[in-house]
Amino acid sequence: MLQKARAALISALLLAPLVAATPAAPTATATVAPSDPQATAATGRVLDWLSHLPGRAGNRVVSGLFAGYSGSAFSLNQTEDLKAQTGQYPGLIACDYGSNGSSTIDSSCNADLKNWSARGGLVSVSVHAPNPVQPGLQGLYTHLDGFQQLTDPTTTVGAAWQQTLDRIATGLADLNGAGVPVLFRPFHEMNTSGAGAFWWSGQDRAAYISAWQYTYRYLTQTKGLHNLLWVYSPLCGAGDRAAYYPGDAYTDVVGLDCYPTDPAAAQGYGELTALHKPFAFAEIGPPNDPATHVPAPAAYDYGRWADAIRTRFPATTYFLAWNDKWSPTVQLGAPALMNDRWTLNLGGIDPSATTDPAGPPRPPAPGTVLEGFEDGPDGWGGWQTLNGPWTVNEWASQQSHSLKADVDLTRPETYLNKVARQDLSAYSTLSVDARTAPWGNQAAGTTAKLYLRTGANRTWYDSGSTVVGPDGAVLTMPLAGVTDLADVEEIGVRFAPAPGASGQSSVYIDNLTATTPASTLGDFETGPDGWGAWQIKNGPWPVTEWAAQGTHSLKADVQLESGEAFLLRHYATPADLTGNLTLTATARTAPWGNQAAGTKAKLYVKAGAGCDWYDSGTYPVDADGTRLSFNLAAVPDLTRVCELGVDFVPADGATGQSSVYVDAVSMR
């Protein structure tokens, strides 16, 4: 969080299926490998385990707490406070080697990090590194004009940075020697500028990427540190969140540092998850009071983060709450956050037990819960069960109840199903949470698949097999290609024990959810779709020279010197867009014209009685096209949307004529 280091210093029925299914062997779990090909086995296991967490139905988001700056303010006292308040220790603790922005790199927190790892926890190290030309706290917030020299140790800046890297390497080598994997987070919040920004923030994108890659190679290859998982974490409250991404070969985890008033309104999730790396909230906490630069005491509800992660950010693998005045222990809602059914705390982390295959997280809302089993089985039965099914409250992935049946693990399959005609033609995705009890000899693991039977021939469709265990797994089934969705005759989950399984166990399902398809606001296949433009040279027209999907996009010619250009859709009668969570579009610039430092674009919405402006923050766009995403929780009144569109902003110094394009505008 910007200025937090400064402030911290200052403020110290039983129905048999009609068609038999062939038992499926457990599917092999796809391993997610670190960016470092020589990463230690323990480090690889941590990344692979994190990568698979979004496939679980519960216990899928590791809790974390920043424990302070090494050598000055680092302490585990607040983890004890958290335990006293909530009954839980965080699964992850973090230390900063920057020692509160002084000229010193301090790694004395390593002893506690090693102990935490030995207790089964995860550890993270960040570095509020000293400014190479102005060490000390003030230098931390002074823009470094010679940033590109970091990669040249023959320069004054590069030599100073080399010394800093050597000190950082000494601390990380100590952890490497102890076999401790580290989530290493350098150069965070790089997408900011101005007052309160760090010396590495707001730099030229190419220079930043070069500095990151140089630092990666030096620590990983030159220093031989193979216990590092590299975490890229821009600030969610600023734009350009993916613009500084150093590349897949240099990054393991992507995250956001977020201090919003409303966690559900945090921006950047779609932008970061599109990079296809495990996603985290690398910092969370309450926003600062503008006058004091610290948050108001006991005024922020951390429990809202649990709700936001479940409903809007389901691919999250961990969160890290800041400490001191930002800490859950001095704010509100710590018990709700730490004891949420998705939260995974110390004692529940086992990187050696990756059982759920990597895959898409729970489909994003809006979705319709078809069955939550809160009021009974609702017509659901079972086949090949020992007992049941019944509704129980001993486990649930949402609310308080699920459907349970006892099973004999020597039987090849068991079904929980509902045979009743249903119309699912309005939906694009179906998902359900499935679980096995921890007892019984599961051998290589029970698999489950979500299935449908449709039409007069009761044609079978399924999600494919997924290994499930006591933490549950999300079974997801795209409905594209399923015929007769208006005539679904049966929905169910088929469980298949592995060969060699024995004894009795139980299976559970919960939260059967159908997801609606996105609403198309502009695909431009048959015309402009009501879209226009402002501050352009010519257009807009539908064209076939480029498209993000289908064959057409919307194009306008622009004069780059004239500043902003808008492709927009205006609603003469304000539209009611409530119930939508995300606005997305793909934007592009033509390859001609002098783009200077590059054109940027933002999605925007004008809404409310005053037609007030809200936007996604900026994204860099080029001739390859960029997917823009806007979390609509930031818009307080979606009942009166008078306009939405894409705002293109050429860089200072751009000249000549070019063109801009928009396609695949949708809302979900």
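## A buried charged pair

Glutamate 413 counts as buried at 6% relative accessibility, and arginine 494 counts as buried at 1%, where buried means under 20% relative accessible area, exposed over 50% and partly exposed in between (1.4 Å probe, protein chains only). Their side chains meet in a salt bridge (2.9 Å, N to O), that is, a side-chain nitrogen of Lys or Arg within 4 Å of a carboxyl oxygen of Asp or Glu. Glutamate 413 lies in the loop between strand 14 (402-408) and strand 15 (414-422) and arginine 494 in strand 21 (residues 488-496), so the pair ties together parts that are 81 residues apart in sequence.

This is a predicted model, in which local features need pLDDT of at least 70 and side-chain atom pairs count only at pLDDT 80 or more, while totals for chains, interfaces and linings use all residues. Residues are numbered from 1 along each chain as its sequence is written, and side-chain values use heavy atoms, with hydrogens and water left out.

## Other salt bridges

The structure holds 20 salt bridges, including one between the side chains of aspartate 471 and arginine 56 (2.9 Å, N to O). This pair links distant parts of the chain, 415 residues apart; aspartate 471 is partly exposed at 26% relative accessibility, whereas arginine 56 is buried at 6%.

Arg185, Asp257 and Glu283 are linked in a network of salt bridges.

Note on methods:
Helices (H or I, at least four residues) and strands (E, at least two) are DSSP runs, numbered from the N terminus.
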